[in-house]
Amino acid sequence: MKAIELKKKYLDFFVSKGHKILPNVSLIPENDPTALFINSGMHPLVPYLLGEPHPLGKRLTSNQCCLRTQDIEKIGDNSHLTFFEMLGNWSLGDYWKKEVISLSWEFLTKELSLNEKRISTSCFAGDKDSPKDEESAQIWESLGIPKQRIYFLGAKENWWSVGKVGPCGSDTEMFYDTGKKSCGPNCQPGCSCGKYLEIWNDVFMEFNRQADGTLKRLKQRNIDTGMGVERTIAVFQGKEDIYQTEIFTGLINQIEEISGKKYNKENQKAIRIIVDHLRAATFAIADGVTPANVEAGYVVRRLVRRAIRYGKELGINKLFTFKIAEEVIKQSGGEYSHLKSNRDFILDQLQKEEEKFQTALEKGLKEFERKVAFDLIGKTKKISGETAFYLYETYGFPLELTIELAQEKKLKVDEKKFFQCQKEHQ
């Protein structure tokens, strides 16, 4: 099954269950100053989760483009992405736990014909704010999942919210056993070894987090679900690595051709980072976000510059980001026409940013090595805040890039002093 088939099958299934399809919206939130990008399918629905009636009714479904950077340090493994497509279905004060879990099970086992014995689930273990979710566990058990494949995990894994404030609630997540050998006796859903791949979550959104951290009941109980297209299609194609699906193979082939390096164990981290970051940047620029030093533009700049640096690791010393963007447009432009209509703008922005950073990077990397050698004379094993700020102010090195370079040398950066220098400079 290809990704485009999965998306159609998902939307058709929920339409048959009385849901209306929502259009994909821009990555830039319209009415949310607290977020730089749309980070989930439910993000555009916040007013309706709070109780405002939706013009299409109480049952909705969509395929939404999303961009998240909180997991950026994990990019390079076999399953994390900054930009991804999220399938979802919502109940705005309509059905609740039993109905949504049953729908999820039906779609996975009947529509997609996944092996029931390879599906595990997790439920919220409970904390001071909300009790242990025994109800969801009992529903899963009634559908045929044995107790030994139902796990109770904490808020980090099984609590979802749109942000620091706003609608939130516990969730139940579905994992597929990839067949990979367990990493140890404690290997279970939530483990990062890659044996269990999370493919879907059902969020029981019944609270509204206040600015002081307290929870208030929403006017209505809502369901918010999310199925990552890239991860799910990897399961279907029997891939342990999401980058081996058709979504990424064309991009990887481009990198191999440009760099002369193969997608193997030695190079795969760098190649994964490059294709992920430039795919994300292409979609963001298509929505009007240009590389800059603040807010959303800073995120795009960081993604592009990080991709360029990893290109250097592969021996790429010429402009290449626009070629990867062209492949993204070629691959996704049929479904997302704004990529095609903004093609020249996207390529122009990437070329300008790459030219600007290439010059600074050459000088900055040399200066980094020189400064680090100087900083280490005192055997502190720490890069000074002054050095980090100098690299930022003179060569355009984001703090995150200096931290990343430092980690590769098993060093730390004096971040507190960096921000002090930045404040003084401002």
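**Group meeting: helix packing and the nonpolar core**

Okay, let's start with helix 8 and helix 9, which cross in a left-handed way (the near helix is turned anticlockwise from the far one by less than a right angle; clockwise would be right-handed). Helices here are DSSP runs of H or I, at least four residues, numbered from the N terminus. Keep in mind this is a predicted model, where local features need pLDDT of at least 70, side-chain atom pairs count only at pLDDT 80 or more, and totals for chains, interfaces and linings use all residues. Residues are numbered from 1 along each chain as its sequence is written, and side-chain values use heavy atoms, with hydrogens and water left out.

Back to our pair. The axes, lines fitted to C-alpha atoms over the stretch in contact, with angles from 0 to 180 degrees between N-to-C directions, come within 8 Å and cross at roughly 150°. So helix 8 is roughly antiparallel to helix 9, the label for angles over 145 degrees.

What does helix 8 (residues 268–286) give to the largest nonpolar core? The core itself has 109 residues, and Phe37, Leu108, Trp200 and Tyr243 touch the most other members. Helix 8 gives the most to this core, with 12 residues. By nonpolar core I mean buried Ala, Val, Leu, Ile, Met, Phe, Trp, Tyr and Cys residues joined through side-chain atoms within 4.5 Å, buried being under 20% relative accessible area with a 1.4 Å probe, protein chains only. Apart from that core lies another, of 14 residues, including Leu45 and Val203.

Methods. Buried means under 20% relative accessible area, exposed over 50%, partly exposed in between (1.4 Å probe, protein chains only). Helices (H or I, at least four residues) and strands (E, at least two) are DSSP runs, numbered from the N terminus. Angles under 35 degrees count as roughly parallel, over 145 as roughly antiparallel, 65 to 115 as roughly perpendicular and the rest as oblique.
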